[in-house]
Amino acid sequence: MTPTPFELLQREPVTALNLTVESYRHVATGARHVHLAAPDPHNAFLVAFLTVPQDSTGVAHILEHTALCGSERYPVRDPFFMMLRRSLATFMNAFTSSDWTAYPFASQSRKDFANLLNVYLDAAFFPTLQELDFAQEGCRIELADAADPNAELVFKGVVFNEMKGAMSSPARVLWEQIARYIFPTTTYHFNSGGDPEAIPDLTWEQLRSFHARHYHPSNAVFMTYGDIPAGEHQQVFVDRVLHRYARLEMDWHVPDERRHPAPIAVEEGYALEPAEGIERKTHIVLAWLLDRSIDLETLLEAHLLTGVLLDNSSSPLLQALETTELGSAPSPACGLDDSVREMVFVAGVEGSEPEHAKAVEALILSVLRRIADDGVEPERLEAVFHQLELSRREIGGDGFPYGLKLMLTALPPALHGGDPVAALAVEPVLERLREKIRDPHFIRDLTRRLLLDNPHRVRLVLKPDPGLVEIRRAREQARLAAIRQRLAPEQIQEVARAAAALRARQEKEDDPEVLPRVELADVPADIPIPVGRETETAGMKMTVYDRPTNGLIYQQVVLDLPHIDDDLVDILPLYAACVTEVGSGGRDYLATQALQALVTGGVSARASVHGGIDDVQRCHGSFVVSGKALLRNQEAMGTLLRETLEQPRFNELSRLRELIAQMRASAEIRVTDNGHALAISAAAGGLSPAAAMADRWGGLVAIKRLKALDDALKSQAGLEGFAANLERLRAQLLRAPRQLLLVGEEERCTAVARTLAGIWAGSSVAAADTPRFVVDIPRRQVREGWSTSTQVQFCAKAYPVPPYVHPDAPALLVLGQFLRNGFLHKSLREQGGAYGGGAGYDADSGTFRFYSYRDPRLAGTLADFDRSLLWLQETRHEFRALEEAILGVVSSIDRPGSPAGEAKRAFHDLNNGRTPERRRLFRRRVLEVSIADLQRVARSWLRPEQANIAVVSNQRTLVEEAGTLELNVLAL
């Protein structure tokens with residue numbers, strides 16, 4: 001077949017990003033293709049559709065899930081998760097935004113990329129969309145007891161439970177309510193993920209119709225990144241998809257919102273467990289609807305004003321929100337949302353009371369009026385521009401492939417009729433903006449135009465409602481009871497038959513060989529690990545890594561944790577969080593924050609403890625202060641890092657009070673957003689010193705302690721005592737041995753090293769016999785149930801296992817993937833309805849952990865963890881299943897980071913005993929693991945009597961199940 005050609009619309013080099021942007025249109029269908037041509041073998045792809053739901057049934061979200069449950073060429077039940085096991089992908093996922101749906105992946109293997117491209121194209125354009133898959137992924141009705149025809153009805157479904165978990169988060173409820181009122185008439189008015197009360201209204205026919213109307217090439221954007229030429233991609237697009245379509249006249253554009261003639265004020269509630277108390281739990285925000293995000297100059301002007309107002313604690317609006325007594329912290333919604341067609345700016349506070357609404361509004365408007373009248377100092381504008389330049393220059397890739405990040409930057413304008421090329425080639429617009437800010441009236445006028453004179457403003461008060469949990473539960477039960485009353489006996493039998501049919505489909509073993517795959521033979525023989533060059537400066541060891549960082553230099557000061565007084569150990573992570581946020585070098589915190597923004601891309605600090613590679617009872621602790629900057633600012637950054645380490649100011653007591661209140665607010669959000677990690681931490685915390693420290697510093701016990709500290713700091717004596725403890729910690733840390741890490745291009749690092757020698761001259765060097773940080777925590781049994789405000793559960797079970805260099809460690813790592821692939825995915829997600837779950841080995845803490853995420857079950861999930869081990873021993877397993885597990889592990893080991901991130905990982909691995917030789921040996925042993933190894937290590941190490949259990953749930957569920965499970969119920 002002769003391919004239908006693509007026409008080239010635009011080609012533009014982007015020197016700052018070392019790539020060329022090419023924009024094409026498919027002549028026959030109108031499909032668009034944006035290709036980012038770069039000399040990078042880490043190729044990436046996505047296909048996206050403008051999806052504009054007109055209700056809150058979650059149709060776009062449920063379609064995203066269901067499309068990945070089988071397609072025309074790949075008619076297996078679960079091709080997406082099956083390909084996760086048959087691939088070396090560095091990223092695979094699907095996203096539902098408020099107005100688009102995207103299917104992205106990335107891989108370093110050309111063979112793997114081709115495999116995934118075929119599967120993704122078929123899934124997006126030719127899914128089977130079977131009714132049973134819709135029932136599994138969306139929402140269905142089943143009997144609570146399948147064997148009892150008189151049992152109550154229940155709702156089940158993956159997305160249903162996912163959104164129950166999501167809407168348990170006050171921060172998510174806050175944003176949904178902002179969107180509801182700021183967008184009264186367009187698609188953003190609705191919850192695109194799905195409101196749990198509306199999701200059951202969606203029908204299979206509506207889902208199929210939505211796909212037919214939205215998933216068409218005429219409504220599609222293909223995006224690619226890397227060193228595969230655009231023409232090769234386009235040949236596949238045509239052969240696999242486009243030759244079957246003609247252009248379809250469709251208009252799914254999102255119209256401009258109808259503007260409010262005057263500001264409005266609204267009040268809504270969010271669910272809170274009655275035991276938690278409602279005092280200072282209210283969110284109060286102002287939200288403005290701004291201009292279209294697809295105009296690049298308008299977009300950058302909005303970002304500039306947002307930076308001026310909210311970039312750091314010295315920024316005028318953020319300073320006002322942090323220091324006001326009207327709330328405990330700035331709202332998590334503060335900032336600019338440019339992901340939708342018309343931007344939204346939000347400012348406000350959390351930890352307030354409903355009666356403060358007018359005062360909060362007056363505070364925000366008074367700051368804006370002051371800026372409109374007086375403007376801001378030029379240095380603040382320069383700092384904002386500096387941050388824009390840094391964000392443009394930095395090569396990312398830690399946690400998210402760099403190519404996908406760039407593609408997602410260009411996606412919204414591509415979908416909304418803007419210029420995706422201009423979204424990446426921003427330098428000309430930045431230069432025009434730099435000219436504009438020379439006019440002292442520019443920021444004043446911008447503040448008036450975008451905010452003060454803009455009547456489309458909403459004041460939202462979101463207050464806690466302790467009765468809402470029970471109201472919703474009763475409403476759901478009444479709805480199900482009404483449905484049951486309407487059903488005739490034969491219809492009840494049909495409900496039971498449908499549930500049985502779904503379970504039979506879930507139990508069916510499809511032929512995985514329908515899908516393409518890579519094999520162990522396709523795995524690269526080796527992995528690149530950066531090697532540093534050791535030198536000395538100012539009496540300290542310095543390690544330099546030559547990495548292509550596009551002109552940025554990364555510096556770290558690394559301390560081996562010394563002995564710390566027992567009463568200070570638990571506040572060390574708070575010290576790390578505060579030390580970069582207070583004054584330093586004789587400056588107050590406002591001046592220090594302004595300086596950080598002007599000369600760095602951020603300064604951070606962290607404390608960590610790692611178990612020994614050969615003995616988890618022996619720990620190594622470190623304290624690290626980090627920064628990044630452009631070459632021209634290296635001397636200023638180096639000086640700032642030393643001042644941060646040696647001369648922090650803890651005498652600004654009101655600042656410390658603000659910081660702890662903000663940390664508390666942030667930590668409370670984490671409970672419902674990251675409950676599985678907190679449950680894992682609690683369960684593992686009793687098994688080894690490193691796990692215990694991780695839980696004490698970042699787990700549920702840490703959140704509970706942080707809340708108590710926040711309450712204690714309301715008194716002057718409490719504040720003064722905390723400040724004195726921070727000062728004691730500073731003195732003890734300065735006794736520690738220290739070294740420097742420097743990452744950047746070699747020729748630049750040479751010059752920076754000379755500068756650092758002068759900066760650190762005279763720095764005290766610790767004696768070799770300085771007492772080190774020692775953790776002596778005995779193992780203990782954990783059976784904990786933590787109560788919070790949530791509609792779903794997060795379950796975890798943990799076992800003690802050996803450390804990194806033990807011969808069984810590679811098999812334990814593969815075992816987690818094997819159990820997830822073969823048993824847990826089906827039992828927890830498909831059958832149990834949890835949004836996620838799995839198992840894994842953590843070498844640092846010497847623990848093996850099972851977990852579930854946004855899970856409707858509790859006891860059943862814990863039982864499934866145990867059943868997975870019986871399945872492992874009693875089932876005959878094929879080599880293919882082992883190979884898939886090993887591929888998944890190797891893919892995670894080989895996943896590339898940013899140039900700087902890979903260097904930092906190599907350095908800290910080496911510092912903790914994981915030399916490149918040991919890392920390569922571990923990888924080789926992973927490739928040699930056998931099924932017999934998996935069964936043996938499970939028998940040897942995962943013994944029931946040594947298991948710890950922790951769950952995060954609501955009070956009602958915990959009380960109902962605590963006795964059976966012998967859980968100690970704890971309140972946050």
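Q: What does the accessible surface of the protein come to, and what percentage of that surface belongs to carbon and sulfur atoms?

A: Please keep in mind that this is a predicted model. The accessible surface of the protein comes to about 36,700 Å². Carbon and sulfur atoms account for 51% of that area.

Q: How many helices and strands does the protein have?

A: There are 34 helices and 28 strands in the protein. With a radius of gyration of 28 Å, close to the 30 Å that the globule rule gives for 972 residues, the protein is as compact as a globular protein of that length. Along its principal axes, the C-alpha trace spans about 80 × 65 × 60 Å.

Q: What percentage of the residues in the protein are buried?

A: A residue is called buried when its relative accessible area is under 20%. Of the 972 residues in the protein, 60% are buried.

Q: Among contacts between residues at least 6 apart in sequence, what percentage join residues at least 24 apart?

A: The figure is 81% for this protein.

Q: How many positive and negative side chains does the protein have, and how far apart do the centres of the two sets lie?

A: The protein has 106 positive and 129 negative side chains. The centres of these two sets lie 1 Å apart.

Q: Which strands are joined to β22 by bridges, and do they run parallel or antiparallel to β22?

A: Strand β18 (residues 540-546) is joined to β22 by six bridges, and these two strands run parallel. D546 has G744 as its bridge partner in β22. Strand β19 (residues 552-560) is also joined to β22 by six bridges, but here the strands run antiparallel. Y554 stands opposite V743 of β22.

Q: Is G744 buried or exposed, and which residues is G744 in contact with, leaving aside its neighbours within four places in sequence?

A: G744 lies in strand β22 and is buried, with a relative accessible area of 0%. Leaving aside neighbours within four places in sequence, G744 is in contact with Y545, D546, R547, T549, L552, I553 and C749.

How values were computed: Residues numbered from 1 in each chain as written. Predicted model: local features only at pLDDT ≥ 70, side-chain atom pairs only at ≥ 80, totals over all residues. Heavy atoms only, no water. Helix = DSSP H or I, 4+ residues; strand = E, 2+ residues; numbered from the N terminus. Rg over C-alpha atoms; globule rule 2.2 N^0.38 Å. Buried < 20%, exposed > 50% of the residue type's maximum accessible area, 1.4 Å probe, protein only. Contact = heavy atoms within 4.5 Å. Areas by Shrake-Rupley, 256 points an atom, 1.4 Å probe, with all protein chains shown as cover. Lys, Arg positive; Asp, Glu negative; His and termini not counted. Charge placed at Lys NZ, Arg CZ, Asp CG, Glu CD. Pairing = 2+ DSSP bridges.
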